[in-house]
Amino acid sequence: MEPVIHFAPYTGWVYPNETVFEWSVLIAVYPYLTGLVAGAFTVSSLYQVFGFERLKPVAHLALLTSLCFMVFVPTPLLLHLGHPERAFNSTLTPHWTSAMAMFGYFASFYVALLIVEAWFAYRPFIVEQAQQRTDLLGRFYRLLTLGSYDLSPHAMGYDKKWIFALAVTGIPAAHGLHGYVGFMYGSLKSREWWSSDLMPVIFLFSAIISGVALLVVLYVASCKLRKITVDAACVKGLAYTIWAFIMVAIVLEALAFANLVYKGREGIEVIMEYVTGPLLVPYFLLQFAIGMIAPLLWLSYMIWRGTTGRALVTGVTLCALLVLFSVFMMRWNVVIGGQEISKTGKGLLAYHMPFFGKEGALVAIILTLAPLAMLFGLTRLFPPWADGAAHAHA
Amino acid sequence: MKKDSTPASAARRAFLAKLGGAATCAGAVAGAATLGVIPAVSAPAAGGSFPTKDYDWTKHKWGFGVDATKCIGCLRCVEACKRENDVPANAHQFRTWVERYVHLEGDAAVHIDSQQDPVNIEASGSEKTYRFANRYKDAKVDKAFFVPKLCNQCTHPACVQVCPVGATYKTEDGVVLIDHDYCIGCRYCVQACPYGARYFNEEKGVSDKCTWCYHRITKGLEPACVEVCPVGARIFGDQNDKQSPVSLFIRNNRVQVLRPESGNAPNVFYVGIDKEVN
């Protein structure tokens, strides 16, 4: 029988209870998913609120992506809980001083907002399908119209106002949701690695770059699958967005690290031993050098040289993949890294991720990819493509 | 030790039965309060009692003292705690533990270990019994001492602050408890405790930690670890009683607490610990 307790090997002095890792890879997946939600929503808002016309081809895809990932955000948490059947207690009888208690409210509000905004955005398409189809799907679309078949210019104008208002509300909601995830770590004084005022902002900016990067990959992949030409202007717009936010993300993380080292509080020796030892590859090489600095330089080069066409699309897509990897490493380095540094400030632990099991790598991979499967299904029901018939709000 | 044959365990069972009844009543009261049937109260009404009818938690303020100069590292406290509180019988989860600090001649670094150290487990021959291996017998020891650790029952407990459902709470008499029937098992409290006092009980799916043996102290008994300590290194009592062992311990010594900078305001008071202890 598999042992219940997976204890961690350690060096130096650690508290006895620390030898069991309580927050597994799933807790790294959770902020990764919320980050992708917030980032994808940012892209949608850049078009809906700020009128970035070049992002039009991905605006609806961004909305659907955000919705799909948001649906899966609670799953790693539920799988992690000792009593998932009691999960709603935090919403029904919240303990107001707990940062975690707010999650249910934030998440529910945001899911509702996403559904309503998506409904408005897809209303013309839903009405059109409801009127044309006579099959079972037609019945589904008729149900979704909620009895409203009015597509007059007046009604469309009204819808647009709602979309705008929801997108405007969604920006603080999405970013609040993710900033709050950062706060959950940053507000804990028990771990020097987490206890940073910059943590929420760092989470936020890394979230934005991850969401934008995801959309680059999804957009380019969808164009390939649908055998249509990639809109280079759109990809360039997304590249600019990544460039701007990745720069801030790098600066913020570097500042947080510099603060930690410069203050040199109790336990800094062990932290330095950690970052120059076990964390050297995951933190400096994978997260920073390969995942952030390389894409920044590559994007800068392409912008400087005015790269366009296939080279631009390939370059930006590869950069986006690197960014997606980097942000996952950031979540890993925070969640797992924080626990690998002992609270004693005098020892280090090593987390070994099981492949199978409720909190193993396989489940983590499935949970990360599951929203994509849902997105694939949703794009069949609600095509987000701007190049086809004008089925959604332009 | 056969727990079921002792008078103490019979009394404990009786107490737990009462506790269950009290919890049911408290649940009903809480439910009624939630529905607005009766006004919610945070403490029992004047003359009332909690958690049992013989005990009023507003009348006590429990405190714990540790005299590290007396501790001999026998670890009877750790074993007694495990048995008394049904703590999983492994070398990774404890409600209380003892740390050993050793300064070797010519070595600037202090060597710290506890009973869970693989060398010590090998010496004991089991993960269920504990002893400190005589690993420094050939070394020249400058200074060495033991430090018993347990939950600090903080005045401003970080674990209570972060619990999303309020399953862990501070009692009126100063102990931090966990409602195992309400804990969702998120382990945020385990992360928040700066002292490493909490662990997660995998089988029960809930967090757990030292309660100063709340089931015993509310009956006038001492915590199990205090009772079995052969040298009186663990001191327990009611701080409201000026002549209690803990009141005298605090009054007659220059005491200190662990990690005062955390703002948690711990309630375990130490004598005889060194600068490395946190």
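Two residues are taken to be in contact if their C-beta atoms, placed from the backbone, lie within 7 Å. The model described here is predicted.

In chain A, this criterion was applied to helix 8 and helix 12. From helix 8 of chain A, the residues taking part are A:Ser206, A:Ile209, A:Ser210, A:Ala213, A:Leu214, A:Val216, A:Val217 and A:Val220. Their counterparts in helix 12 of chain A are A:Val313, A:Val316, A:Thr317, A:Ala320, A:Leu321, A:Val323, A:Leu324, A:Val327 and A:Met330. Sorted by class, the contact between helix 8 and helix 12 of chain A comprises 14 nonpolar and 3 polar residues, with no charged residues. Helix 8 of chain A spans residues 199-226 and helix 12 of chain A spans residues 309-340; their axes come within 8 Å and cross at roughly 140°. The crossing of helix 8 with helix 12 of chain A is left-handed.

In chain B, strand pairing was examined. Strands of a sheet pair through backbone hydrogen bonds, in either a parallel or an antiparallel sense. Strand 2 of chain B (residues 96-104) is joined to strand 4 of chain B (residues 141-150) by 9 bridges in the antiparallel sense. Within this pairing, B:Trp97 has B:Lys149 of strand 4 as its bridge partner. Strand 2 of chain B also pairs with strand 3 of chain B (residues 110-114), again in the antiparallel sense, over 5 bridges. Here B:Arg100 stands opposite B:Asp113 of strand 3. Strand 2 and strand 3 of chain B form a hairpin in which 5 residues lie between the strands. In the turn, B:Gly106 has a positive phi of about 75°.

A further sheet in chain B is open and consists of 3 strands in the order 9-1-10, with mixed pairing. Strand 9 (234-238) and strand 10 (268-271) of chain B are at the edges and have a single partner strand each, so one side of each lacks a neighbour in the sheet. On average, and with direction ignored, neighbouring strands of this sheet are turned by 20° against each other. Strand 1 of chain B (residues 62-67) pairs with strand 10 of chain B in the parallel sense over 4 bridges. One of the residues involved is B:Phe64, whose bridge partner in strand 10 is B:Val268. Helix 8 of chain B (residues 245-252) lies across strand 1, strand 9 and strand 10 of chain B. This helix runs at about 110° to strand 9 of chain B.

Conventions:
Residues are numbered from 1 along each chain as its sequence is written. Chains are lettered from A and ligands numbered from 1 in the order in which they are written. This is a predicted model: local features need pLDDT of at least 70, side-chain atom pairs count only at pLDDT 80 or more; totals for chains, interfaces and linings use all residues. Axes are lines fitted to C-alpha atoms, for helices over the stretch in contact, and angles run from 0 to 180 degrees between N-to-C directions. Helices (H or I, at least four residues) and strands (E, at least two) are DSSP runs, numbered from the N terminus. A crossing is left-handed if the near helix is turned anticlockwise from the far one by less than a right angle, and right-handed if clockwise. Ala, Val, Leu, Ile, Met, Phe, Trp, Tyr, Cys and Pro count as nonpolar, Asp, Glu, Lys and Arg as charged, and the others, Gly among them, as polar. Two strands pair if DSSP finds at least two bridges between them.
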